[in-house]
Amino acid sequence: MDSFSTLIRTASQELHAEANTSTFMSDLLGGGLGVEAYARYTEQLWFVYDALESVAERLAADPVAGPFIRPELMRLAALERDLAHLRGADWRSTLSALPATRVYADRIAQCARVWPAGYIAHHYTRYLGDLSGGQIVRDRAEKAWGFAKKGDGVRFYVFEQIANPAAFKREYRDLLDAVRADDLERQRIVAECKRAFTLNTAVFRALSEEFPLSA
Ligand code: HEM
């Protein structure tokens, strides 16, 4: 039987392809959009990571989600530096969540409150993605909008405290494989992971409506 880390990866592959070929991602990575679109996207990520990380301290003691709470993953401080660079010192005064982002962040918060195993699905979907495809986004962003390499504007994508991402991802998969959950619960976590991808795709859709590529 496949390990849980393989199961969750395989089950989300199709939705992964849908997310990373979404109109917004393609337009953004294709160099067709201005830095304002990138800033708006970064702003949406702030709400997602606020939901993921504001509960970290409380979940650290949880027997199921606790092992996933790792300080070296935390992104909120990096996002805030990026936003200060992109939007200026008073970035907080103009910060606003798209409705799709609000739905996504609320779902993370709800899982954190009532279902820590579901929180893991959201944790996996974001952080393992950031450690992987996130690096492609960083490279394109640096080139398209002239950010310093791994500097302000793209710090979200730079995991200063993770020297070896491939090794870290292996350890992360071991954590997934060790999750204490029976088959039914594992299936529910996989379903939540699919939901997490769908929630991401919905944010991309909203962003592409706000930033249509003028043909
Ligand atoms: C343009 C956008 C994207 C690109 C180019 C991209 C690319 C990649 C690549 C190359 C991997 C494989 C890494 C490996 O084998 O270790 C990966 C893994 C992953 N990506 Fe993405 N990705 C993108 C967007 C996303 C999005 C939007 C999400 C979800 C929010 C996501 C979530 C994941 C996850 C969870 C993994 C880990 C799969 C696993 O090994 O279990 N990615 N991505």
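A residue is near a molecule if its C-beta atom, placed from the backbone, lies within 6 Å of it, and helices are DSSP runs of at least four residues, numbered from the N terminus. With these terms in hand, the structure shown here, which is a predicted model, can be described from its overall fold down to single residues.

**Overall fold**

The protein chain has 11 helices and zero strands, so that, read along the sequence, its pattern is α-α-α-α-α-α-α-α-α-α-α. The radius of gyration of the protein chain is 17 Å, close to the 17 Å that the globule rule gives for 215 residues, and the chain is therefore as compact as a globular protein of that length. Taken along the principal axes, the C-alpha atoms of the protein chain fill a box of roughly 50 × 35 × 30 Å. Of the 215 residues, 33% count as buried, and among contacts between residues at least 6 apart in sequence, 81% join residues at least 24 apart.

**Around the ligand**

There are 18 residues around the ligand, of which Arg9, Asn20, Gly129, Ser132 and Gly133 come nearest. This shell divides into eight nonpolar, seven polar and three charged residues. The helices in the table each supply at least two residues of the shell, and H8 gives the most, with five residues.

| Helix | Residues |
|---|---|
| H1 | 4-20 |
| H2 | 23-29 |
| H8 | 116-131 |
| H9 | 134-145 |
| H11 | 183-210 |

**Helix H5**

Helix H5 covers residues 76-87, and at 1.5 Å a residue its 12 residues should span 16 Å, which agrees with the 16 Å between its end C-alpha atoms. Within H5, the residues Leu79, Asp82 and Leu83 are buried. Seen down the axis of H5, its buried residues fall within an arc of 100°, so they line one face of the helix. These buried residues of H5 pack against helix H3 (35-53) and helix H6 (91-94). After H5 comes Gly88, whose phi is positive, near 100°.

**Lys150**

Most residues other than glycine have a negative phi. Lys150, although it is not a glycine, has a positive phi of about 60°. This residue is found in the loop between H9 and helix H10 (165-177).

Definitions and conventions:
Residues are numbered from 1 along each chain as its sequence is written. This is a predicted model: local features need pLDDT of at least 70, side-chain atom pairs count only at pLDDT 80 or more; totals for chains, interfaces and linings use all residues. Ala, Val, Leu, Ile, Met, Phe, Trp, Tyr, Cys and Pro count as nonpolar, Asp, Glu, Lys and Arg as charged, and the others, Gly among them, as polar. The expected span of a helix is 1.5 Å times one less than its number of residues. A residue is buried if 20 or more other C-beta atoms lie within 10 Å of its own, exposed if 12 or fewer, and partly exposed in between; C-beta atoms are placed from the backbone. The arc is that of the directions from the helix axis to the C-beta atoms. Two residues are in contact if their C-beta atoms, placed from the backbone, lie within 7 Å. The radius of gyration is taken over C-alpha atoms; the globule rule is 2.2 Å times the number of residues to the power 0.38.
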